[in-house]
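Please look first at the sequence and the three-dimensional model shown below.

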Amino acid sequence: MGFFSDEVQQVLHEFEDTKKSLKEARSQLQEKLEELEKTNLQLEISKKELTKKVEDLNKSERAMLNVLEDARESEKKLSKEQDLTKAVISSMGEGLLVVDKEQKIILINQAASILLRWASGDAVGQNVHKVFTLCKNKEKEGEVCSLPIERVIKEPDVVNIGLGDDFYCRDKEGNAFPVMVIMASLMQGFLRGNVSGAVIIFKNITKEKSLDDAKTNFISVASHQLRTPLTSIRWFSEMLLDGDAGDLPEDQKHFVERIYQGADRMINLVNLLLQIARVEAGRVKIEPALIDLKLLTEGVSLTLHEQLNVKKQKINIISKPETLPKILLDEDVVWQIIQNLLSNAIRYSLENGIITVKLIVNKKNNELVFSVEDKGIGIPRVEQNRIFDKFYRADNAVKYAPEGSGLGLNLAKKLVEDWKGRIWFESEEGKGSTFYFTVPLEGVKPREGEVKLRV
Ligand code: ADP
């Protein structure tokens, strides 16, 4: 019995041990299982994340492909546009030069290269003044006018040289041809207003020039031919009015008065045309004499007293200093300019108005600034840039004073610019206008010519 119970005891022990180790093994297994489950869960999460990433990558790839396609499209478009720009530049009839801030040529088109006789490879990199030389006189070979290129390189600006400015360009071999030039600032970052150089567009205007010369000649000859019969009409109608052929009945007198006024207006028009033709053809003789501009202005206003009386207007003349230095000027020329400005001020201002003439010496600029101010109808803003054009009359002026030719200011501008002066105005419609011009204090130089300005 003792033996058995020992054995049983042992078996029971062993059994207990086995049970314990089984329990341990089971709990380890349980732990492992839990770990496995955890790992499985993590794997599951990672799988999901990976699948999402793959999806995102696919999406990105598709987007990239789209962007690439767009970029290729844009590149194609850009190269097409570049081709078009190149084609436009090279097939332009006008010469084109592009210069950098240092005034070196960075682009020259085919037309410019042909007109200037400079191979494009040689011209690029050269200073623009060497390749593109302008002069005022085609006969004098050495004479060169400086290009106002600094002006358009410094700040945004445009300079126009037109047919009326009479400029010539010299090619590499020294041959001169008449030109029209537009010079503009080359802008980089348009909104920032950074000037990075200049663009010069020019055109050979030999044909236009000869047409213009023919027109000037025609006007000159026609005006000349018209003057004689017109003067006779005015002369004889004046005689009739004076009763040289006996007293006229009232109604006939009225008709003759109309004939006289018409002939007088036509003579004024023809005279202006003739004067412009003379100035444009460079035929006017300049004979400077020492002139007191204040005295001369008083003289002009005396000749206008009839018009002043009709409109009950007055002219006030102010000068600074009180006594002006005498200036060497051609009397016919200044007279004409002052007369045009004063008669405009009278014609385009209301009754009882006061016209103020100021003559101010500006020692700093070595010039005298002459101004005529009226409180008349003014010039509409939209028409202001055309006021110096030949035959141009603003709408309000045509309505207010139908008679007028639109030639007076054109002539005045030509005469002032001939002595390198400036002429301009400030005006507001309905409030009045002030016209200004400058006279160099050192005066003008004499010039040989076929005729005087006065006709
Ligand atoms: P005209 O006076 O014969 O028409 P002008 O050449 O002298 O020709 O002047 C051209 C135009 O300029 C005028 O028709 C008018 O529209 C305008 N103008 C000139 N001076 C004045 C002024 N003082 N006030 C208003 N408009 C003016």
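An oxygen atom of the ligand is found 3.1 Å from a polar backbone atom of glycine 406, a polar contact being a pair of N or O atoms within 3.5 Å, where within protein one atom must be able to donate a hydrogen and the other to accept it, and residues adjacent in sequence count only if both atoms are side-chain atoms. The ligand taken alone exposes 530 Å², and the protein buries 98% of that, with accessible areas computed by the Shrake-Rupley method with a 1.4 Å probe and, for residues, only the protein chains shown counting as cover. This is a predicted model, in which local features need pLDDT of at least 70 and side-chain atom pairs count only at pLDDT 80 or more, while totals for chains, interfaces and linings use all residues. Residues are numbered from 1 along each chain as its sequence is written, and side-chain values use heavy atoms, with hydrogens and water left out.

In total 19 residues surround the ligand, the closest being Asn344, Arg347, Tyr348, Arg393 and Leu409; a residue is near a molecule or strand if one of its heavy atoms lies within 4 Å of it. This shell divides into nine nonpolar, seven polar and three charged residues, where Ala, Val, Leu, Ile, Met, Phe, Trp, Tyr, Cys and Pro count as nonpolar, Asp, Glu, Lys and Arg as charged, and the others, Gly among them, as polar. At least two residues of the shell come from each of α10 (331-347), α12 (408-418) and β14 (432-440), these elements being DSSP runs numbered from the N terminus, with helices (H or I) of at least four residues and strands (E) of at least two.

Among the strands, β9 (residues 314-320) runs parallel to β11 (residues 354-362) and is joined to β11 by seven bridges, two strands being paired if DSSP finds at least two bridges between them. Lysine 320 stands opposite isoleucine 360 in β11, and lysine 320 is also joined to proline 321 by a cis peptide bond with omega of about 5 degrees. Proline 321 lies in the loop between β9 and β10 (327-329). Most residues other than glycine have a negative phi, and most peptide bonds are trans.

Three bridges join β1 to β2 in antiparallel fashion, and valine 98 has leucine 107 in β2 as its bridge partner. Glutamine 103 lies in the loop between β1 (95-100) and β2 (105-108) and has a positive phi of about 65 degrees although it is not a glycine.

Finally, a search of the whole structure finds one cavity of 30 Å³ or more. On a 1 Å grid over the protein atoms alone, a cavity is a set of points where a 1.4 Å probe fits but cannot get out, and lining residues have an atom within 4 Å of a point. The largest cavity has a volume of about 50 Å³, volume being the space filled by probe spheres set on the grid points. Its lining includes Thr216, Lys390 and Leu407, and the largest share of that lining, four residues, comes from α7.

Terms used
On a 1 Å grid over the protein atoms alone, a cavity is a set of points where a 1.4 Å probe fits but cannot get out, and a pocket is an open set with protein on both sides within 12 Å along at least five of seven lines; lining residues have an atom within 4 Å of a point.
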